[in-house]
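Hi everyone, thanks for coming. I'd like to walk you through one model today, so please have the viewer open and follow along.

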Amino acid sequence: MITRRRFLKASAAATGLGAGLGIYAWRIEPHWLEFVERPLPISNLPKDLAGWRLAQLSDLHIGPQVDDHYLLRNFDRVKKLSPELVVYTGDFTSREAGLYDHARRIFPHLPLGRHGTFGILGNHDYGLGWSQPQVAFQIASLASGAGVRMLRNELTEVSGLHIIGFDDLWANHFDITAGFRDLPSGAAALTLSHNPDTVDLEGWENYSGWILAGHTHGGQCKPPFLPAPLLPVVNRRYTAGEFGLSGGRRLYISRGLGHLLAVRFNVRPEITVFRLERA
C-alpha cells in the first residue's frame, strides 16, 4: 500500500533527482570536454606524414553562451599536444553585440598546427539568418589574421596532403564543383565541410576519402538509448561520430567544443585528435 508518507518521500526523491540532473546538464557536462583519439587512414598518404597528429576543433561558438575561460583552457590543452595539423570545421562564433571585439580577444589564442592550420565557415559565421556575407568576411579575416588558412570552396596542399574546404550550405555558399576543381586524381586528400548534409549532395563521385564535419553538436541532449530529439540536419542519421558512405567515403562528425545554449546531456563536447595513417 502507498501511504501518504511514502508518496511524499518518493516525490522528494524524484524532485531531488530532477534537480541534480538539471544542474549536471547545465553546469557540468557543457564544460566536461572529451579528447577523442582516433586513427585517420588516408589513401596514398606520403610516408613522411604517417604518424602526424591532426586536431579537429569545431563549433567554438565564441559568444555570450560559451565561457571564454573554458575555451582558452582547452586551447592550451591542444597547444600542449603540439599537433602537426589543426583544422576548424566551422561556427567559430555566435551572433552577439560586440561580436568582432569578442573575436579579436579570443582568436589570437587559437591553437595552430606545426605544419599548417586550416578552417572553414559555418552557418553561424554568416550572422543573422545565415544571410550576412559581410559578417562571414570579417570572421574569415580575423581567423586568417590569427594564423588559420581559411578555405572557401578551395583546395590547398601541405606536404603532399590535399585539404579541401567547403563554404557553408545553409548560407548558400557551398560549391562542390569549385572545391574539387583542382584536386589531382589519386591524390591523398581530406575534406572539411561544416554541415553533414552536404555529403548527400551530388558531386562526390570522384572523391573517396574522409570528410570532417561539425554542426550537429551531437544533438546536445540525448536520452539514454534513444535518438537525439533535436538535430539540425535533414538526414537524421548524422548525429556524431563516424559514418560509412557510398563510394568508399567516410564521414566524421564532431560533437563540437561549444554550444548554442549552455546545456548538454549524454553528449559531451569534444576535440578530436586524429593520427594519420596510410590506408
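Let's start at N44, which touches G186 and A188 once residues up to four places away in sequence are not counted; contact here means heavy atoms within 4.5 Å. The C-alpha atoms of N44 and A188 are separated by 5.0 Å, although the two are 144 residues apart along the chain. You'll find N44 in the loop between β1 (34–42) and β2 (53–57). For the labels, helices (H or I, at least four residues) and strands (E, at least two) are DSSP runs, numbered from the N terminus.

A quick word on what we're looking at. This is a predicted model, with residues numbered from 1 along each chain as its sequence is written, and local features need pLDDT of at least 70, while side-chain atom pairs count only at pLDDT 80 or more. Totals for chains, interfaces and linings use all residues, and side-chain values use heavy atoms, with hydrogens and water left out.

How confident is the predictor? pLDDT is its confidence in each residue, from 0 to 100. The protein chain has a mean pLDDT of 93, and 92% of its residues reach 70 or more. Residues 7–15 are where pLDDT stays under 50, and for that stretch the model has 1 contact beyond four places in sequence.

Let me take β8 (189–192) and look at its partners. β7 and β8 pair in the parallel sense over 4 bridges, and I164 has T191 as its bridge partner in β8. On to β9: 3 bridges join β8 to β9, and these strands run parallel, with L190 opposite W210 in β9. As for the side chains of β8, A189 and T191 point one way, L190 and L192 point the other way, and all are buried. Buried means under 20% relative accessible area, exposed over 50%, and partly exposed in between (1.4 Å probe, protein chains only).

Next, S193, in the loop between β8 and β9. S193 is buried, with a relative accessible area of 1%. Leaving aside neighbours within four places in sequence, the contacts of S193 include I120, T198, I211 and also F166 and F174.

Those two phenylalanines bring us to the rings. Rings of Phe, Tyr and Trp (its six-membered ring) pair if their centres lie within 6.5 Å; planes under 30 degrees apart count as stacked, over 60 as edge-to-face and the rest as tilted. By this rule the count comes to 12 aromatic pairs. One of them is F166 with F174, a tilted pair at 4.8 Å centre to centre, with 50 degrees between the planes. Both F166 and F174 are buried. F166 also pairs with W204, edge-to-face this time, at 5.7 Å centre to centre and 70 degrees between the planes. That pair links distant parts of the chain, 38 residues apart: F166 is in the loop between β7 (161–165) and α5 (176–180), and W204 is in the loop between β8 and β9 (210–213). F166 has a relative accessible area of 0%, and W204 is buried as well, at 1%. One aromatic cluster is formed by F166, F174, F180, W204 and Y207.

Last stop, backbone angles. D59 is not a glycine, yet has a positive phi of about 55 degrees. D59 is in the loop between β2 and α2 (68–81) and is buried, at 0% relative accessibility. W130, also a residue other than glycine, has a positive phi near 55 degrees. W130 lies in the loop between β4 (116–120) and α4 (133–145) and is partly exposed, with a relative accessible area of 27%.

Methods. pLDDT is the predictor's confidence in each residue, from 0 to 100. Two strands pair if DSSP finds at least two bridges between them.
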